[in-house]
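Open the model in your viewer and keep the selection tool at hand. This tour moves from stop to stop, saying what to pick and what is there.

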Amino acid sequence: MAIPVVQLGTGNVGIHSLRALITNPDFELTGVWVSSAAKAGKDAAELAGLSDATGVLASTDLDAVLASGPQCAVYNAMADNRLPEALEDYRRVLAAGVNVVGSGPVFLQYPWQVVPEELIKPLEEAAREGNSSLYVSGIDPGFANDLLPLALAGTCQSIEQLRCMEIVDYATYDSAVVMFDVMGFGKPMDDVPMLLQPGVLSLAWGSVVRQLAAGLGIALDKVTENFVRVPAPEAFDIASGHIPEGSAAALRFEVQGLVDGRPAVVLEHVTRLREDLCPDWPQPAQPGGSYRVEVTGEPSYAMDICLSSRRGDHNHAGLVATAMRVVNAIPAVVAAEPGIRTTLELPLVTGRGLYRAG
């Protein structure tokens, strides 16, 4: 029997989730929640770029959408710049007895020891009240730095360090809010954006190092962060807008989980807006970008994950992968015990039922 679901948010990630919920017979779409009045009243198929109408019309009323009888909600609404509102959205959905899979805020993939207890407790109480569960994932944070590194670690005799890397050209990533407001690209070098405020990197990606440490069974002494930014040598344009000469155009950061002063678990990002910037920084395994897992131990591993798509570039492929990581987990999350669930405890999501010829 198809699982009744609702889609919450229809932006860069949500459009791919919505398309999957409409086209996969394992799901029955019962509602769509949008924040824009311009989208309200439109058929879900139109928002997803599909031709056959579904009869499900988008609404700005979250309570009305939740009243449509879903077992699960897919949450892809913007969270980075509206954290209190996003957490309240999750609380309302869970308390209404609806399970949730989501793509952000990313620290919810493993929030313990990452964010204050007062942020976690309302969600856990709502999950108990609603007998519902919550799972947040994607690609990074997500399968590129939880599932895949731990699968490699499971074949080792000993491990000195797990390092997960994103090495990506963001020039085609079309979100001005993320690129300029959150990450600070195109801004003066002395301007400190949201992402680089003290502690925010550890808030966003601390969930990665904490979850990997939990998977390895080690206790971290502390989590540290560092970053380097490089200015644009001349002005140029990207999908999200204009990058003035001398403004931020490349970013490299690390979030390290330390044991006895040594980095045991490391999350590293190398982000460029042009492939010729910072040639001495790590390079991707394919043009545009890739993800990399490095295990130092016995044996050691280096694994590159190269995303591509027939419908777009590496950034498009990453958006699809982020959406499908959570959509395909819906049956497992619906069946899970109430509470915040993680990759460490959910069964392996294999892509069952997704084969299509041609």
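Which residues are linked in a network of salt bridges? Select Arg-163, Arg-252, Glu-254 and Glu-268. Those four residues form the network. Bear in mind that this is a predicted model.

**Stop 1: charged pairs**

Side chains of opposite charge can pair when their charged atoms come close. Searching the whole structure turns up 13 salt bridges.

Select Arg-92 and Asp-63. Their closest N and O atoms are 3.0 Å apart, and the two residues form a salt bridge. How exposed is Arg-92? Arg-92 is partly exposed, at a relative accessible area of 29%. Asp-63 is also partly exposed, at 48%.

Next, pick Lys-187 and Asp-181. Their side chains meet in a salt bridge with an N to O distance of 3.9 Å. Lys-187 has 28% relative accessibility, so it counts as partly exposed. Asp-181 has 43% and is likewise partly exposed.

Now go to Glu-46 and Lys-42. Here the salt bridge spans 4.0 Å, N to O. Lys-42 is partly exposed, with a relative accessible area of 31%.

**Stop 2**

Show the side chains at the contact. From α4, select Leu-87, Tyr-90, Arg-91, Leu-94 and Ala-95. From α5, select Leu-119, Pro-122, Leu-123, Ala-126, Ala-127, Glu-129 and Gly-130. By class, this contact has 9 nonpolar, 1 polar and 2 charged residues.

**Stop 3: a proline in a loop**

Select Pro-193. This residue lies in the loop between α7 (176-182) and α8 (200-216). Is Pro-193 buried or exposed? Its relative accessible area is 5%. Buried means under 20%, so Pro-193 is buried.

Show what Pro-193 touches. Leaving out residues up to four places away in sequence, the partners are Asp-181, Val-182, Met-183, Gly-184 and Arg-229. Asp-181 is the residue that meets Lys-187 in a salt bridge. Draw a distance from Pro-193 to Met-183: their C-alpha atoms are separated by 6.0 Å, and the two residues are 10 residues apart along the chain.

**Stop 4: an arginine in another loop**

Finish at Arg-311. This residue is found in the loop between β14 (301-305) and α9 (314-327). Is Arg-311 buried or exposed? Its relative accessibility is 70%. Exposed means over 50%, so Arg-311 counts as exposed.

What does Arg-311 touch? Select Arg-19 and His-316, its contacts when residues up to four places away in sequence are not counted. Then draw a distance from Arg-311 to Glu-275. Their C-alpha atoms are separated by 21 Å, and the residues lie 36 residues apart along the chain.

Methods:
Residues are numbered from 1 along each chain as its sequence is written. This is a predicted model: local features need pLDDT of at least 70, side-chain atom pairs count only at pLDDT 80 or more; totals for chains, interfaces and linings use all residues. Side-chain values use heavy atoms; hydrogens and water are left out. Buried means under 20% relative accessible area, exposed over 50%, partly exposed in between (1.4 Å probe, protein chains only). Contact means heavy atoms within 4.5 Å. Helices (H or I, at least four residues) and strands (E, at least two) are DSSP runs, numbered from the N terminus. Ala, Val, Leu, Ile, Met, Phe, Trp, Tyr, Cys and Pro count as nonpolar, Asp, Glu, Lys and Arg as charged, and the others, Gly among them, as polar.
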